[in-house]
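Good morning, colleagues. Please look at the structure first.

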Amino acid sequence: VCAALEAGLRLAGYGHPSGFLIPDPDAPGYLRTNPAFASLFLPDTFDLRPLNFRVAAAKPPGALRVVVLGESAAQGVPVPSFGFAPQLRAQLRALYPGRTIEVLDTGIVAVNSHVLYRIARDMTACHPDLYVVYAGNNEVVGPYGPGCAYLNRMPPLWVIRLSVALRGTRTGQWLGRLIGRFRGSGARKPEWGGMSMFVHDGVRGDDPRLQAVYANFRANLQGISDLARRAGVPVLFCTVVANWKDCAPFLSLHRADLPPGERSEWEKVFRPGVLAWRLGRRERARILLTQALRLDDQYADTWYLLGRIDLDEGRVSAARSELGAALHWDGLRFRPDGPINAAIRDVAHGRLVDLALLMGADPASTQPIAGRPWLFEHVHFDWPGNAFIARTLAARIAGRPAPLDDAACAAAVGYTAHERLGVLQEDDTIVRKPPFTQQLTYRQDQARLAREMAAARRVAEDPAELRRAEDSVDTARARDPGNSDLVGIAEGIEDDRGELPAALADARRLETLLPSEVGLVADEVGLLVRLQRLADARERLVGTADPEAELAPAWADYFIASRQWDDAGAYFSRQTRLHPDLAPVRVLWADVLAQDPDGRREAVRQYEQALQVEPGNTAALDGWVALLAGDHRESEAATLSLARAPDQPQNQANDLRAVKACESAGDQAGAARWMEAAETCGPVNATFELTLALKLFRLGRHDEMLERLAVAHRLSLDEGNPAVTAAIARLIARFGG
């Protein structure tokens, strides 16, 4: 019966294939990554996908095919084009000239070893020459981990694998959808919210469930090793690298048995210790924080601050121990701890590349403690980190040094000063949200990133730099004409230079190099609209299936340019009926209506409905406020900003509007409240913190005022403004800091 049901569902076209690679209908003889693969483990509404690439089903003669297994760090977040996998390919091309080199990056955001075991099994069908495994960051927060926000049940490993196998069948998909309808009637489907989804799922460093996590991880690695051995494919296992030095804990938890009296004593020494640290009074901070540690030796922030103090004073060994303890006790376990790398070493035996040891993320390392410039934030690598990993792996694979230095490798993959801004902007989208906003160093980290982005923007907009970048990428393309990453980079440069016909040609070239994907169509349509080739844009849109409203932004651009308001209404009415819970679709409709002289009232209604669906949607509120301001209804705009501010925790622009509204009304307490909100969701400078400190002083909040002065002092030192630094120092001395 089950076999007949499965066969019937397949014949009826129900469901989707579950393999990591599926046949590419547009390229006979090729396989492509399966956009639906991750739904075996994650809710399909998350829409988390593998990188989009195709590979020949029959490996070309003489080709070297390397498969990279891992999570977001292996994928190359924030910009996969510059991750260690593309750089490894460039190094191997230099080491083996004349050979076809393929480095297939199977990394997916938010997955863990349960997913990688399945990918490794599926990838044996494409006959790789080597697996490179860089994994271990998501074992606690990924599927079936105790810190997972959406699937934290931890059944035995055999049950996990059986359930995944069942979900891979059409019968399993049908049953899953049927059960979901009964369970979730009327409930809004979950959407991927990044790391901020996990902030309420802390796991203590002594949680007994961690032992099952480590055991499952070890078993999955051993399973990958066994699969590869049976397929005759060697494996290189890598230990994983976390940011110890420049990533403060995400969540500090008190020890579970801390009595209320000791908690009160702890407060009396910890908070003054933090203030002393912010003021640069290291010895005073050390004394107070050491007292706090004696009362509670599990509070991660205490360990981190002591580690930073020791590191600043040159006590590297002590700092390494303390920063390692801070990582271990961090309640949001987005960084791998010691047992993860211990499991990798045990399974790898002689097939190990010990990156944690080489890059300073291990207690036994003799290298500088891992942090910037290797990594951006907690586990994602900046260019130097990715370049080091690629060189190290290439040398291990070839048995001789990697030939390309950083500059030569950058030239090969198209990484120029012009591209730096895009990389920083992508990372900025990650770190503006919780749990980063909970870190002790958030304001200083954000200010530093804002300065880096400002400097990168000046370079990226320099016409001379644009020309140099274009020449560099053209040279790389001539040497590697089939490299889709280089085509995409060239398209971006041409767009920035205003060479829209050339950008369009490369957008279309990209569509021939990559499997069909809605994003590629949207890219082409956007260029056609800007070239005023509106008939061509419409033809391209109409010819593309759009069951998930993914082309809605492209349609919105087209409708605004063509001013076809009736067609826009018909399209977006249909989309909102199909997807009533997708607030971004309503925002796009409102944005279109706002351009129609007769549609502004309906635009307000759509912005309001979008906020009913998703109160924290910043685009909806900002669009509504802009519409009111454009109609010279500033008072209504201010009232709206203030009324909606509590629902917009990540909208710094609105927080600042709320500050102005409060100041206009003479509400200094309200102005201080929204300034405090603004500093937790975006960059601020020393002047901002100084202004907030003065407001807090006038409100009689002396301790908080001193804290803001301390932050302002630290920021002013980073900004290199001696006059501001001196003024803040005088205030600190005056008010007894």
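How do the residues of the lining of the second largest pocket divide into nonpolar, polar and charged? There are 10 nonpolar, six polar and 10 charged residues; Ala, Val, Leu, Ile, Met, Phe, Trp, Tyr, Cys and Pro count as nonpolar, Asp, Glu, Lys and Arg as charged, and the others, Gly among them, as polar.

This is a predicted model, in which local features need pLDDT of at least 70, side-chain atom pairs count only at pLDDT 80 or more, and totals for chains, interfaces and linings use all residues. Residues are numbered from 1 along each chain as its sequence is written, and side-chain values use heavy atoms, without hydrogens and water.

On a 1 Å grid over the protein atoms alone, a pocket is an open set of points with protein on both sides within 12 Å along at least five of seven lines, a cavity is a set where a 1.4 Å probe fits but cannot get out, and lining residues have an atom within 4 Å of a point. Points are joined across faces, edges and corners, and a volume is the space filled by probe spheres set on them.

The second largest pocket has a volume of about 690 Å³. Of its 26 lining residues, Arg-271, Arg-278, Leu-440, Arg-443 and Glu-707 lie nearest the centre. Helix H8 (260-278) is among the elements giving two or more residues, and its six are the largest share; helices are DSSP runs (H or I, at least four residues), numbered from the N terminus.
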